[in-house]
Amino acid sequence: MTQPLLDVCNVSKAFGGVIANRNISLKVNRGQIVGLIGPNGSGKTTLFNSIVGYHPIDDGEIWFKGEEISRYRVGRIARLGLLRTFQQTRIYGRMTCMENMLISLPERESSFLDLLKSRHSAGIQRAKDLLEFVGLYSKRYHYAGDLSFGQQKLLEFAMALINEPEMLLLDEPTAGINPTLINGLIDRLKRANEELGITLLVIEHNMRVIMNLAEHIYCLAHGEMLAEGSPEEIRNDQRVIDAYLGAH
Ligand code: ADP
Ligand code: MG
């Protein structure tokens with residue numbers, strides 16, 4: 001048995017009287033793309049926030065690379081190589097794509113000289129390479145605010161990649177993107193996984209997208225883990241079908 005890269009064990013989280021996550025367990029192995037689905041309000045974003053240390057959990061344990069991170073804060077978890085993106089894009093519209101990339105650079109380097117020299121030139125090259133990777137190289141000096149919403153999502157993805165994460169948690173990456181751009185985004189996510197070796201846990205509302213992307217899928221409903229399995233098993237799971245039908 002190999003140790004999972006991310007191991008969420010019996011995690012619970014409540015906000016006042018609302019139990020957003022109850023006894024949630026989930027595993028992701030290195031190199032996998034795993035899906036997390038569930039109707040609105042089922043607790044998906046809360047689970048992401050708990051994993052990356054955005055808020056403390058009430059109960060359970062979270063392990064990453066064999067280290068318990070349950071009580072670590074966001075910065076420490078990010079430095080271990082675990083990052084998330086947000087359901088709402090977080091880019092600076094009045095800055096260019098390159099500037100958005102450069103302000104996302106990790107602050108790993110130690111000296112001020114590094115900051116001025118190596119970090120800057122290496123960072124600029126990395127920013128250009130990643131903009132090329134997501135198909136935004138020709139827009140590198142355009143204001144991020146002038147990009148289409150789908151392109152902003154791609155920029156945000158590149159901004160996460162510049163930190164060289166081992167694992168990325170993506171919160172509804174295709175939400176609000178027009179259907180013709182969705183395939184391009186799926187393709188970039190798969191390439192990040194295959195070529196850059198980044199493990200992905202993806203919250204996705206679009207069933208077609210997640211079936212195409214993930215090799216294993218977890219489904220939440222009302223804050224609890226309802227089902228897990230292959231895309232095929234999830235597609236045919238009556239509890240999952242009922243949860244989605246009940247939600248619309
Ligand atoms: P999802 O991402 O699956 O749509 P969320 O995790 O955002 O679901 O929300 C799960 C439940 O937790 C909802 O009932 C939501 O209202 C509640 N919730 C989430 N975050 C907070 C918060 N910061 N304060 C209070 N309630 C919250
Ligand atoms: Mg959400």
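**Ligand, cavity and pocket**

Colleague: How many nonpolar, polar and charged residues does the shell around ligand 1 have?

Modeller: Ground rules before the count: this is a predicted model, where local features need pLDDT of at least 70 and side-chain atom pairs pLDDT 80 or more, while totals for chains, interfaces and linings use all residues. Residues are numbered from 1 along each chain as its sequence is written, chains are lettered from A and ligands numbered from 1 in the order written, and side-chain values use heavy atoms, without hydrogens and water. Around ligand 1 sit F15, V18, A20, P39, N40, G41, S42, G43, K44, T45 and T46 (a heavy atom within 4 Å). Counting Ala, Val, Leu, Ile, Met, Phe, Trp, Tyr, Cys and Pro as nonpolar, Asp, Glu, Lys and Arg as charged, and the others, Gly among them, as polar, the shell has four nonpolar, six polar and one charged.

Colleague: What distance separates an oxygen atom of ligand 1 from an N or O atom in the side chain of T46?

Modeller: Look at the polar contacts (N or O pairs within 3.5 Å). A polar backbone atom of S42 is 3.2 Å from a ligand oxygen, and for the side chain of K44 the distance is 2.8 Å. For the T46 side chain, it's 2.5 Å.

Colleague: How much of ligand 1 does the protein bury?

Modeller: Start from the ligand taken alone, which exposes 560 Å² (Shrake-Rupley, 1.4 Å probe). With the protein around it, the share buried is 57%.

Colleague: Which element gives the largest share of that shell?

Modeller: Elements here are DSSP runs numbered from the N terminus: helices (H or I) of at least four residues, strands (E) of at least two. The biggest giver supplies three residues, and that's helix 1.

Colleague: Which element gives the most to the lining of the largest cavity?

Modeller: A cavity is a set of points on a 1 Å grid over the protein atoms where a 1.4 Å probe fits but cannot get out, and lining residues have an atom within 4 Å of a point. The largest one holds about 80 Å³, lined by T85, F86, K153, E156, F157, L170, D171, P173, L185 and L189. Helix 6 (149–161), strand 7 (167–171) and helix 7 (179–195) give two or more residues each. With three residues, the top contributor is helix 6.

Colleague: Where does that cavity lie relative to domain 1 and domain 2?

Modeller: The bounds, from an automatic or database assignment, are 1–81 + 166–248 for domain 1 and 91–164 for domain 2. Both domains give residues to the lining, so the largest cavity lies between them.

Colleague: Which element supplies the largest share of the lining of the largest pocket?

Modeller: A pocket is an open set of points with protein on both sides within 12 Å along at least five of seven lines. This one has about 700 Å³ of space, and of its 25 lining residues A78, L83, R84, S104 and N163 are closest to the centre. Four lining residues come from the leading element, helix 2.

Definitions and conventions. Points joined across faces, edges and corners; volume = space filled by probe spheres on them. Polar contact = N/O pair within 3.5 Å; in protein donor to acceptor, adjacent residues only side chain to side chain.
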